[in-house]
Amino acid sequence: MNAIAPGATIGILGGGQLGRMTALAAARLGYRCRIFTPERDSPASQVAVGTTVADYKDRSALAAFARGVDVVTYEFENIPVDPVTFLADIVPVRPKPDVLAICQDRLKEKDFLNGIGVATARYQEVTSAAGLARAVRDLGRPSVLKTAVLGYDGKGQATIRADSDLDQVWTQLKAARGVLEGFVDFTQEISVIVARGLDGTHATYVPVENQHKNHILDVTMAPARVPPVVAMKAEAMATHIAQKIDLVGVLAVEMFVERSGGVLVNELAPRPHNSGHWTIDACAVSQFEQLVRAVCGLPLGSPERHSDAVMKNLIGSDVDQWRDILKDPGARLHLYGKAETRPGRKMGHVTRLSPRKD
Ligand code: AMP
């Protein structure tokens, strides 16, 4: 299998901070990155050799972009699959479009996971108010209704409680298809990031613990404070999923740890993930470098951590604390170059390391 050697150009669909940190990792290995995004002055384009600013549906822009790169990857999963399939006829796209198609639809994702023996919350497809009423009868209250597609950071979901009016909940979801999930009584939310190379080898990071604020990731603790048996189960699940989905790239697996010690998968993201940012500062090889290595057909690096880490997101005006953060000599500050601060917008993150405890 021929490697795409350093000096080549990686195309990245999406211009956000994940693309930016991927492009920075790529540069260190001697690659160039070109970005395709509808957005001007995106975080990724600031650190790339070129950017195509166009709509994802613009076929001639996509074709020209494909001719200028050696391989394509993507940095978020809400890109329509069609343009990605179109690109894949011209240039290798990794992970392959099928992976994107599964991960951007909660129902396909859950069907896939259950089909390969990975447990999720109980769920039912919902396509109408009457269907919601039926599903709630089966799964009970509380339960969680989510849009099948285009949901993220708690957007496009509603918790159904004892007093919820189901007609109203369905209307407010504003979606043709939804998934109702049984409510999971979890002690922790954890995630595992796994990289898989073109040759089928994989590198799995230690499970980390995620705390959210207003549905947005706030803090990631690495490693997660879970018993070794839970950590091993979570890692094994992530590795199994990566293999079965035939991943080439990086996959984040978000999971719930049940009070009983069981582990359920909540969702998949076929790209570097916010809960893996700590790997830049605490691991031999970061999630971003693993993505570069995987899509270029290089050997993967070690996911081993040399330190424990706590990563804090800087959301909205949190970013104004940058001066104080820099006064802490051990704090590693990462800013994404976003000109406009908006509430709820991820502006950067800070990672603090501590000696590794086993
Ligand atoms: P998601 O968009 O699927 O990541 O969900 C956002 C957040 O809602 C999760 O991080 C959980 O805190 C909560 N949540 C989602 N699904 C469930 C569920 N089935 N049971 C309990 N809490 C959930």
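Q: Which element gives the largest share of the lining of the second largest cavity?

A: Rolling a probe the size of a water molecule over the atoms shows where empty space is left. A cavity is a set of points, on a 1 Å grid over the protein atoms alone, where a 1.4 Å probe fits but cannot get out, and lining residues have an atom within 4 Å of a point. Here β9 provides the largest share of the lining of the second largest cavity, namely three residues; strands are DSSP runs (E, at least two residues), numbered from the N terminus. This is a predicted model, in which local features need pLDDT of at least 70, side-chain atom pairs count only at pLDDT 80 or more, and totals for chains, interfaces and linings use all residues. Residues are numbered from 1 along each chain as its sequence is written, and side-chain values use heavy atoms, with hydrogens and water left out.

Q: Which residues line the second largest cavity, and of what classes are they?

A: The lining consists of S191, V192, I193, Y205, V206, V208, S275, G276, W278 and T279. It divides into six nonpolar residues, four polar and no charged. In this scheme Ala, Val, Leu, Ile, Met, Phe, Trp, Tyr, Cys and Pro count as nonpolar, Asp, Glu, Lys and Arg as charged, and the others, Gly among them, as polar.

Q: How many cavities of 30 Å³ or more does the search find, and what lines the largest?

A: A volume is the space filled by probe spheres set on the points, which are joined across faces, edges and corners. The search of the whole structure finds two cavities of 30 Å³ or more. The largest holds about 40 Å³ of space, and its lining is formed by E189, I190, N210, H212, E254, M255, F256 and N266. β13 gives the most to this lining, with three residues. By class, the lining has three nonpolar, three polar and two charged residues.

How values were computed. 1 Å grid on protein atoms, 1.4 Å probe; cavity = no way out; pocket = protein on both sides within 12 Å on 5 of 7 lines; lining within 4 Å. Helix = DSSP H or I, 4+ residues; strand = E, 2+ residues; numbered from the N terminus.
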